[in-house]
Amino acid sequence: MLGYVMAEGRGASDALLREVAKALRAEGVKLAGAVQVNLETAPENHCHMDLHVLAGGEVVRISQDLGALSEGCRLDPDGLEQVVGLANAALEGGAQLMIINKFGKQEADGRGFRPLIGEALARDVPVLAAVARGSLAGFESFADGMAEALPADVQAVLGWCHKQLA
């Protein structure tokens, strides 16, 4: 009930999850979670990272502008926690499947979506997540052998989702 993708290329996992979510919503599947959209800015600046909440349609910016020369983590943890709260409300409202934009450093450290992933699985709600390459070891430790690696292919991921929902 826990599937994950690791697509190669900047933004590839984001695009894949957006397509999957779009197709599932068109089928009437009640989703919880969020997909990420990166908005490019001036070449000397970093992109803005926005999470599109799958239930309700809110868009929450999860990046902070730390300046053009910054090299630190730009994640806004308050923005991420806001999205986690919205996803939790959708889960409690009867979501059939949860999509997590990324199991990243926050989740590997026990924060972000990590507790909600466990809650969804405890409720028998399947979870689909993108996993950042640098967070794979943390994800595998969290999943404890129960996660299924999926090919970075929209149709294959949709097939996995349909199988979980059957």
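Residues are numbered from 1 along each chain as its sequence is written, and side-chain values use heavy atoms, with hydrogens and water left out. Because the model is predicted, local features need pLDDT of at least 70 and side-chain atom pairs count only at pLDDT 80 or more, whereas totals for chains, interfaces and linings use all residues.

In soluble globular proteins, nonpolar side chains tend to be buried together. The largest nonpolar core has 31 residues, and those with the most contacts inside it are Met98 and Phe113; such a core is a set of buried Ala, Val, Leu, Ile, Met, Phe, Trp, Tyr and Cys residues joined through side-chain atoms within 4.5 Å, where buried means under 20% relative accessible area, exposed over 50% and partly exposed in between (1.4 Å probe, protein chains only). Among the elements that each supply at least two residues of this core are strand S2 (31–39), strand S5 (97–103), H4 and H5, while H2 gives the most, with six residues; helices (H or I, at least four residues) and strands (E, at least two) are DSSP runs, numbered from the N terminus. Leaving aside neighbours within four places in sequence, Met98 is in contact (heavy atoms within 4.5 Å) with residues including Ala87, Leu91, Leu116 and Ala120. A second, separate core of 19 residues includes Val5, Val29, Leu54 and Ala130.

The axes of helix H2 (residues 77–92) and H4 come within 10 Å and cross at roughly 5 degrees, the axes being lines fitted to C-alpha atoms, for helices over the stretch in contact, with angles from 0 to 180 degrees between N-to-C directions. H2 and H4 are therefore roughly parallel to each other, a term for angles under 35 degrees. In this contact, Val84, Ala87, Asn88 and Leu91 of H2 meet Leu116, Glu119 and Ala120 of H4.

Tyr4, Phe103, Phe139 and Phe142 form one aromatic cluster, and the structure holds three aromatic pairs, in which ring centres lie within 6.5 Å.

Most residues other than glycine have a negative phi. Asp144, in the loop between helix H5 (136–143) and strand S7 (147–149), has a positive phi of about 50 degrees and is exposed, with a relative accessible area of 62%.

Notes
Angles under 35 degrees count as roughly parallel, over 145 as roughly antiparallel, 65 to 115 as roughly perpendicular and the rest as oblique. Rings of Phe, Tyr and Trp (its six-membered ring) pair if their centres lie within 6.5 Å; planes under 30 degrees apart count as stacked, over 60 as edge-to-face and the rest as tilted.
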